[in-house]
Amino acid sequence: MMIDVWSCGVILYALLTSSLPFDDRNIEALSEVNSDWEPRPFDFLVDDELIRMSLEDFLLAKGISAEKILEIEYIKAVAPRKQEPPCLHDDWVSAISGANSSLIMTGSYDGFSRMWKTGGLCTHILEGHTGAITSVCMVNPKGLESSSSLCVATASKDRTLRLWKFDSEVPIGHPAKVRAYKTLKGHKSSVQSIAAHPSGAMVCSGSWDSTINLWRTNESDADGDLTSIKKRKVDNDTRESQSEGEALSSFVGHTQCVSSVVWKQEEAIYSASWDHSIRRWDVGTGKDSFNLFCGKALNCLDVGGESSALIAAGGSDSVLRIWDPRNPGSLAPVFQFSSHSSWISACKWHDQSWFHLVSASYDGKVMLWDLRTAWPVAVIDSHKDKVMCVDWWKGDSVISGGADAKLCISSEVSIS
């Protein structure tokens, strides 16, 4: 068996001294020694736990004898290595989606949704809402997120949802203005969250009226939930009037605002509410098959992690909690992360990792988490005000929006 003794020596030195043997305060001097050199931070694992201190302190904290032989694994540190220039909006950036690998979708308190490419290029403006946009999502079926023909959905404080279709190619004379092809009406109060069925055939929405509604996304229905589509002329330009859709069904059970909905499994919808509960709804029956009481008003929810089974949620007490509903007889969180200092506004699992997720908070920070340590593996401090939304993009970037009217992109995040 071949052993890289030099690498083992470097690792041992780093663990004992918390620095690298070839480290230097003068980065230019290091670059002159090796023109290909660039700093690459690493993390270290012992018994599947990330070490966030010196090896000596770790041994003392765990009560491990210094004479015990340890197996140490090193991995690339999960931290963004590049901060892209921010994309400026006219008002708070309250919603975001990174589901498309070519475009970032944002929603703002100015009532517009926008599509962005890297470099701060706004390619499309989706206009029509009369209130602040609270949630956005891609409706394209799973596996077709990068298709040039996009279908997206938006939710707003104007009590409606809107559906949009357009070509994702950068238009000449960008940004192109897009009108919704369908308006969904039925909620009695502000719509707070929206999520799409994996097939793209339906969307669900959570509202301040405490209900969850299901809607079709197709342009015409045989069941008559669609008003007639008419052509009208405006300034010698023919436009297609929007159609209106009604809810297929409504799930009732929450007693306060439904702040977040997730629809990653065809047969189940997850919801979080200000009534302190997380529920899992059977799409076929409309009944909740799982009811988890948190004890705090909840703002955000996501499902992912190991086998896409872990539930992450955050709310009004600055603690990010994670539950494993597969554990029989226990509804206690399996992880609790408490490094934020204010309300948690958003959380999102990484699609390709069992361990990693990201959270955003009104404390102005975005934090990256690894389930193998209780401390954040990275803190992104690019916003100057509260952060309202966050998502992953292209697998190696974190995108976030906030009350500073900025879309921030932190790229080159290495997820092992």
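A residue is called buried here when its relative accessible area is under 20%, exposed when that area is over 50%, and partly exposed in between, with a 1.4 Å probe and protein chains only. The model is a predicted one, in which local features need pLDDT of at least 70 and side-chain atom pairs count only at pLDDT 80 or more, while totals for chains, interfaces and linings use all residues. Residues are numbered from 1 along each chain as its sequence is written, and side-chain values use heavy atoms, with hydrogens and water left out.

Confidence is expressed as pLDDT, the predictor's confidence in each residue on a scale from 0 to 100. The chain has a mean pLDDT of 87, with 86% of its residues reaching 70 or more. Residues 222–240 stand apart as a stretch over which pLDDT stays under 50, and for this stretch the model has 29 contacts beyond four places in sequence, a contact being heavy atoms within 4.5 Å.

Helices (H or I, at least four residues) and strands (E, at least two) are taken as DSSP runs and numbered from the N terminus. The place of Ile11 is in helix α1, which spans residues 5–17, and with 16% relative accessibility Ile11 counts as buried. Once its neighbours within four places in sequence are left aside, Ile11 is in contact with Phe44, Ile72 and Tyr74. The C-alpha atom of Ile11 also lies 9.6 Å from that of Phe42, a residue 31 places away along the chain.

Strand β1, residues 42–46, is joined to β3 in the antiparallel sense over 5 bridges, and Asp43 has Ile75 in β3 as its bridge partner. A residue from much later in the numbering also reaches this part of the chain: Ser414, in the segment after β36 (406–411), is in contact with Lys76, Ala77 and Val78 when neighbours within four places in sequence are set aside. Ser414 counts as buried, at 17% relative accessibility.

Helix α3, residues 55–62, has Leu55, Phe58 and Leu59 as its buried residues. They cover an arc of only 100 degrees around the axis, taken from the directions from the helix axis to the C-beta atoms, and this places them on the same side of α3. The face turned away from that buried side carries the exposed residues Glu56, Leu60 and Ala61. Just after α3, Gly63 takes a positive phi of about 65 degrees.

The hairpin of β16 and β17 has 3 residues between the strands, and in it Ser210 takes a positive phi near 75 degrees. Strand β21, residues 249–252, is joined to β17 by 4 bridges and runs antiparallel to it, with Thr211 standing opposite Val252.

Another open sheet consists of 4 strands in the order β22-β23-β24-β25, again with antiparallel pairing. Its edge strands are β22 (258–265) and β25 (288–293), each of which pairs on one side only. Strand β24, residues 277–282, and β25 run antiparallel and are joined by 5 bridges, with Arg279 opposite Asn291 in β25.

The cysteines complete the picture. With a disulfide taken as a pair of cysteine sulfur atoms within 2.5 Å, the count comes to 0 disulfides. Cys300 is in no disulfide, and the nearest cysteine sulfur, that of Cys347, is 3.7 Å away; Cys300 is buried, with a relative accessible area of 5%. The sulfur of Cys408 is 8.5 Å from the closest cysteine sulfur, in Cys87, which is too far for a bond, and Cys408 counts as buried at 4% relative accessibility.

Terms used. Pairing = 2+ DSSP bridges.
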